[in-house]
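User: Hi! I would like to walk through this two-chain model with you, one question at a time.

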Amino acid sequence: MQKNSQAFKREHFPSHLVGALTYIMWNVPAAGDYLISAWVSDKPFREFPLKAGQEDLNSFAHIDVATPKFTRNVAPEIQIGAKGTVIFYCSGGFREFRITVTQKSDGGEKEIFNSEHLSRGDHFVMVPIVSGKYDFTVDSKKQPGTITVRSSSEKKTPASQLEPKQATATDGGLSPDKIELRPGQPLVLEIQTSKKFEITLLRDKPTPKRIRTIPTPNSPA
Amino acid sequence: MADFTLALSRNGIKDILVTLADRAAGKVNSDPVPLGTSVSYTVSTSWRFEVGDLFFAPMIELNETDFVLDFHFKFRIEVPKIEVGGQTVCFAKPFGEVSCVTLPVITLYDGGVFEFDIGIDGFRSEIEGAIDFQIVHFKPEESDQLDTTIRFFWENRVSNAFAETPEVSDFFAMAMKQGWELRIIPGWMDFDLIDEPGTIAGQFERELSNAITTWGADLSASDRNALLDLSGDLTTLIEGLLDIHDDHDTWILARISELGIVREVAKILSDRLGFFYLVKLLHEQKFPISEDIPFSEDIPPVRFEISNAALTIEPEELRIEVDIKAPDL
């Protein structure tokens, strides 16, 4: 029995990293040549050349940043239409990746996307599995927004058949501020903030042990 | 007037029938039966008879005779991959138009084969029926049933220990020879295969539930619960794969009827049971002159042939009358 171990432990979803059960969606601005880099702790891990051709808003490409190493560590060129959408994801493993995109031109190379600074038009998707309440923080400060993941007591629908829910992430919190999900149901967040945000499972505080009071001669009866 | 008369009492007949019932016990192993693309099962079914009371008039009627069935199901289920993602999401692009993308699929559990056994034993069905007796002059060279019957018996014998008993080996030693046999002829027979389908279904349901709890035994409790959350309830999943839904009674009876147990047993009773003689006298009997003097060329045995045999059933006994003659030398 093989399972995707990391996915079962995922309780913390930082917006700037692609890892188990998170996707980042980025829209290609124009035709041209791009180089996508996946970083682990500021070290380049993998590069993916991307070529955007004729405009096609409905085109999209999946890029698995955790795919096994390519020959010379460079993936084959990925084709997409200009203004199409690239979805970065991680099929397995324990690593989390920061993503950058560099546009190549005659004048040189210019970084046009960095997942540390998501902006309007980008999307962050999380697929939580672990049940419980998740908090929403922007720049480490708690903002309004709670995501509750609750398994159904009724006959359960397989996760892959659950409709994704959509919400907006802003500097001031989540909109709507209360979201309920089933385990494995995707939450698609439209980005309307340039700040990093995090979604984290709230762990119940351990119940303090009852202290047994030993009566003393002076204790009241 | 017959030269020789053999009489069997009712109790004597019953003793013989009890022995015969042991010989009629059998076992059927099904081929793998597919249920959809990811589930298959095999069933081995063994049965035996427990003889009750007999009444002689005019055939011999069986009362309170039980037909006992044991089932052993072996299931093989290919549990499918459990995945998240794959849904379509539509959103407004910064360029002003709405477009749709498909989320990548992430595999959480890559599937596997889940095998489990379910044994359901001791289901009884009361048989009512009648049997008759017949004297047959058996000649091996004229029997087209001999080879297949013996092969069937040996392939389906209840156990080696049973096959190796002197009684059974004596039976087969005599079975190949020409002789006069007293055989059972099935008259009519009536029974419901399973008297109480709800009971067998209930036992099956409990066993299935126990088996499913063993699934994913190598996972931690939390991972297993997470997988069950994602896959939908596993019992529902497996019952869906097995096509059981909520009606265990109908399902189990359909599986049993697919095996053709009734057909198989009826075939044995009607076709093969006739091969199993109760009493046999060899066509040409040989007796030594004395127990102390073995056969030899100098001292040939006393020999005689049975020229005719007839059978009569009376209320309390069964009588066989035999005519004998000296063989042609």
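User: Between which two strands of chain A does the loop with A:Glu116 lie?

Analyst: Happy to start there. This is a predicted model, in which local features need pLDDT of at least 70 and side-chain atom pairs count only at pLDDT 80 or more, while totals for chains, interfaces and linings use all residues. Residues are numbered from 1 along each chain as its sequence is written, with chains lettered from A and ligands numbered from 1 in the order in which they are written. Helices (H or I, at least four residues) and strands (E, at least two) are DSSP runs, numbered from the N terminus, and the loop that holds A:Glu116 lies between strand 9 (108-114) and strand 10 (123-126) of chain A.

User: Is A:Glu116 buried, partly exposed or exposed, and which residues is A:Glu116 in contact with, leaving aside its neighbours within four places in sequence?

Analyst: A residue is buried if 20 or more other C-beta atoms lie within 10 Å of its own, exposed if 12 or fewer, and partly exposed in between, with C-beta atoms placed from the backbone. A:Glu116 has 16 such neighbours inside 10 Å, so this residue counts as partly exposed. Contact asks for C-beta atoms, placed from the backbone, within 7 Å. Leaving aside neighbours within four places in sequence, the partners of A:Glu116 are A:His16, A:Arg98 and A:Lys196.

User: What is the strand order of the open sheet of seven strands in chain A?

Analyst: Two strands pair if DSSP finds at least two bridges between them. The edge strands, each pairing on one side only, are strand 5 (60-64) and strand 14 (173-175) of chain A. The pairing in this chain A sheet is mixed, and the order is 5-7-2-10-16-13-14.

User: In which sense do strand 13 and strand 16 of chain A pair, and what is the bridge partner of A:Thr170 in strand 16?

Analyst: Strand 13 (residues 165-170) and strand 16 (residues 187-192) of chain A pair over six bridges, in the parallel sense. For A:Thr170, the bridge partner in strand 16 of chain A is A:Gln192.

User: Is the peptide bond from A:Ser175 to A:Pro176 cis or trans?

Analyst: A:Pro176 sits in the loop between strand 14 and strand 15 (178-181) of chain A. Most residues other than glycine have a negative phi, and most peptide bonds are trans. With omega near -5°, the bond from A:Ser175 to A:Pro176 is cis.

User: A:Lys83 and A:Asp139 have a positive phi; is each one buried or exposed?

Analyst: A:Lys83, with phi of about 70°, is found in the loop between strand 6 (78-82) and strand 7 (85-89) of chain A. A:Asp139, with phi near 50°, lies in the loop between strand 11 (132-138) and strand 12 (141-149) of chain A. A:Lys83 has 22 C-beta neighbours inside 10 Å and so counts as buried. A:Asp139 has 11 other C-beta atoms within 10 Å, so the answer for A:Asp139 is exposed.

User: Which element gives the most to the side of chain B that touches chain A?

Analyst: Across the interface, 32 residues of chain B are in contact with 40 residues of chain A. Elements giving two or more residues to that side of chain B include strand 7 (82-84), strand 8 (88-92) and strand 9 (98-102). With five residues, the one that gives the most is helix 6 of chain B.

User: Which residue in the turn between strand 8 and strand 9 of chain B has a positive phi?

Analyst: These two chain B strands pair in the antiparallel sense over five bridges, and B:Val89 stands opposite B:Val101 in strand 9. They form a hairpin with five residues between them. The turn residue with a positive phi, about 105°, is B:Gly96.

User: Which residues is B:Glu316 in contact with, leaving aside its neighbours within four places in sequence?

Analyst: B:Glu316 is placed in the loop between strand 15 (302-313) and strand 16 (317-325) of chain B. B:Glu316 counts as exposed because 10 C-beta neighbours lie inside 10 Å. Its C-alpha atom is separated by 9.0 Å from that of B:Asn11, 305 residues apart along the chain. Leaving aside neighbours within four places in sequence, the contacts of B:Glu316 are B:Ser9, B:Arg10 and B:Phe56.

Definitions and conventions
Two residues are in contact if their C-beta atoms, placed from the backbone, lie within 7 Å.
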